[in-house]
Amino acid sequence: MGVRGLTSYIEGNKKQFYEGRKLKNTKLVIDGNNLLCNLYIKSGLDQRHGGDYESFANIIQQFFETLTTCNIEPFVVMDGAIDYSGKKFPTLKERAQGRIEEAGKISSGKSKQSQFSPFSLLSRTVFRQKLSSLNVPFIHCMFEADQEIACLANEWNCAVLSKDSDFYIFDLKGGYLPYEFFEWHNISMCQENKERYIPVSHFSINNFCACFNHMNKELLPLFAVIVGNDYTSPRSMDAFFSRVNFSQVAQPAYSRMHARIDGLLQWLSQFPGPEEAMDEVLVRDIAQDITQDIISGMQEYKVSHSNLAQYFMHGAAVDNLAKYYTSANLPERGQERPVRHLPEWLLDRLSRGHLPSFILDVLVLQKTILGVQVQNCQLPSSHTTSLPIRQVLYGLLLDGNRKLLQGQDSEQGETTNPTEGSPLYHVQEFDRQGLKFRGAFIDAILPTGIQQLPLEKLNEVLLETLGADECITIADRPHLNLPVCVTCYWLSSSKPKPNLQMVQALLLGIVYGELCRLGGSQRGPAAEYPGLRAICDRLGRLRVRANERRGPDLDVAHAYSQWQSCLWMSIYLNQLLCCPLPEPECAWLYSGTFVHGAVVEMKWGSTPEDLLMGAPFPAQLYMDIQVAVQRSVGADFFKPQSTRRENASKLDQGVGATQKFFSPNKYAVLDDDADEE
């Protein structure tokens, strides 16, 4: 992210460019997307088994509790949709391709997880839900948030926390705190007043410019554009660099990239301002068509007034985001879908995080990038399973957008209404094909009967899409109804089909998460639920190691990546329909290290009843979920399978195929080599 090579250059001169400070008693504007990634990756949480969301939620809570201890008020600002100009898309494409390749290496055991590993699919949902439960103020911008973050920080004269080198360029009054040196795990106390603080490394643009002959700080945006950032390619400036010799000003110990950065800063420092420097740049660059690219690139770092402060302090509408709501800011592709046509309620729900930015990608660009997961790369993408869910989501969004445009702009004339149940529009999806990042046009489908469906019946759209009905419910656990419906959909739609152990382990994982949520974990009031702590401890020992070098079981990884994709899109569809089913807490629904370990345990002969022994409630909850799923898949969904256990044949005598799959007593263990019809 940000300016290429700048972070490593500045960190390599830490003593020169940073100042140690004690952070306390202040506001702090946080780059939300950046914090999300760093909290997950720096904590060493699982990335190869699909994620450990409970552990992630605990780390989020610990982070913000630490800020509260030091009397630091956090304000989190999140990115929104894909860059509407299209300039950043080559960068996004390059990153996605890198994650696909890294996922392939992890799946084959050829690589350890790292900062380049694919990000667990539900992490952003967990982050948003945890911020809400902790009452941490946050907002989702319509598009990229960097500029809004800088404006808000200057409004309050406070620092920015991030790990994005663009913040070395913004003129921040309160400075920039790189996450790499934000020692929130090392909280300390002032001896004079006993106040607690977080040791940080503080970057000031004034101090930085003073190191280069007190250069004009307005030259830094030009520097960023010339070096290359997410919006500009360094190759566009090749002609310039070929005509300027930095060898006499750059330190010889630097790498080629750092020498270029150091030399360019020294060279720019001789000019009084950006206008004079830009004239010299254009004289030395034969590609005269780069002028507009340079000017627009420099505008990305312009800091102005922000109304986000009014939003955070008083809940006021964010009027300044209306700069995005004009057709002039959209790509020049003849599109007639300006954001200004979207209703205020939709924009408000987007900014408050009640709807995902994925929806804005569809409405504004009709383009989406699907998340990369560790899976079997020899098979079609795991997102193939959730395709019908996305098609309904696209149909509802684009049909509604078409009607808004027709109603607000009569000059567009009449548009033929689409036939219900037929393709309405296309959305360009970018996903994995083999180990390549590829795009494909997907039909958007409008559900049959949606035009006449009253608001109170919107749940029928969701249930029909998932192939479920209202009888698939858990009366006393309504927050589990959506995951149960998704599991039924997954069993009927996934290819290849999940086997017995995979389904048992998944359902057991949901029960395990529910037990932890109710107080079986060390952070909960276990005394209110006798026996749960012992069961949670027993189940917790099933986890596989998150950082093990060998790759995961690819059949298991692929099956669960399909389930996560289905849950991911079902949550989005449910949000769009104003949550006819309660939204589940994703932190408690899935633990990759647990379900992978549970599958192994099931193959060795353990049963869910054995593992849940000790209290009646866990076993009953497992049975309730199991019966709900069985009610959907039908009696003939699974055929009898051979077993490795000697007593399995006696246990299975006279029991139907589905009853064998969901035996209330003992569970048969599938033969790994058993053929399926």
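Student: How much space lies in the second largest cavity, and which residues are the closest to its centre?
Tutor: This is a predicted model, and every value here is computed from it. The second largest cavity holds about 110 Å³ of space, and it is one of seven cavities of 30 Å³ or more in the structure. Its lining is made up of 17 residues, and those closest to the centre are His49, Gly50, Gln373, Val374 and Gln564.

Student: Which residues is phenylalanine 182 in contact with, beyond its neighbours within four places in sequence?
Tutor: Phenylalanine 182 is one of the residues that touch the most other members of the largest core. Leaving aside neighbours within four places in sequence, the contacts of phenylalanine 182 are Leu23, Leu28, Phe63, Leu67, Leu161, Leu177, Ile198, Pro199 and Val200.

Student: How many residues are in the other core that lies apart from the largest one?
Tutor: This other core includes Cys141, Phe170, Phe208 and Cys209 among its members. As a general background, nonpolar side chains in soluble globular proteins tend to be buried together. The number of residues in this other core is 64.

Student: Is glutamine 366 buried or exposed?
Tutor: Glutamine 366 sits in the loop between α16 (357-365) and β9 (367-369), and its phi is near 50°, a positive value in a residue other than glycine. Since its relative accessible area is 13%, and buried means under 20%, glutamine 366 is buried.

Student: Is asparagine 213 buried or exposed?
Tutor: Asparagine 213 also has a positive phi without being a glycine, with a value near 55°, and its place is the loop between α8 (205-210) and α9 (220-227). The cut-off for an exposed residue is over 50% relative accessible area, so with 55% asparagine 213 is exposed.

Student: Which residues of helix α3 are buried, and which elements do they pack against?
Tutor: Helix α3 covers residues 32-42 and is mostly covered, with eight of its eleven residues buried. The buried ones are Gly32, Asn33, Asn34, Leu35, Leu36, Asn38, Leu39 and Tyr40. After this helix comes glycine 44, with a positive phi near 70°. The elements against which the buried residues of α3 pack are β2 (26-31), α4 (53-69), β3 (72-78), α6 (123-133) and β5 (159-162).

Student: What do the buried residues of helix α15 pack against?
Tutor: In helix α15, which runs over residues 344-351, the buried residues are Leu346, Leu347, Arg349, Leu350 and Ser351. Glycine 353 follows α15 and has a positive phi, near 80°. The partners of the buried residues of α15 are β4 (138-140), α14 (308-314), α16 and α22.

Student: What distance separates the C-alpha atoms of leucine 365 and isoleucine 82?
Tutor: Leucine 365 belongs to helix α16 and counts as buried, at 5% relative accessibility. Leucine 365 and isoleucine 82 are 283 residues apart along the chain, and yet their C-alpha atoms are separated by 8.2 Å.

Student: Which residues does valine 303 touch, not counting those up to four places away in sequence?
Tutor: Valine 303 is in the loop between α13 (291-299) and α14, where it counts as partly exposed at 27% relative accessibility. Its C-alpha atom is separated by 8.2 Å from that of asparagine 154, although the two are 149 residues apart along the chain. The residues that valine 303 touches are Ala150, Cys151, Asn154, Phe170 and Asp171.

Definitions and conventions:
Residues numbered from 1 in each chain as written. Heavy atoms only, no water. Core = buried A, V, L, I, M, F, W, Y, C linked by side-chain atoms within 4.5 Å. Buried < 20%, exposed > 50% of the residue type's maximum accessible area, 1.4 Å probe, protein only. Contact = heavy atoms within 4.5 Å. 1 Å grid on protein atoms, 1.4 Å probe; cavity = no way out; pocket = protein on both sides within 12 Å on 5 of 7 lines; lining within 4 Å. Points joined across faces, edges and corners; volume = space filled by probe spheres on them. Helix = DSSP H or I, 4+ residues; strand = E, 2+ residues; numbered from the N terminus.
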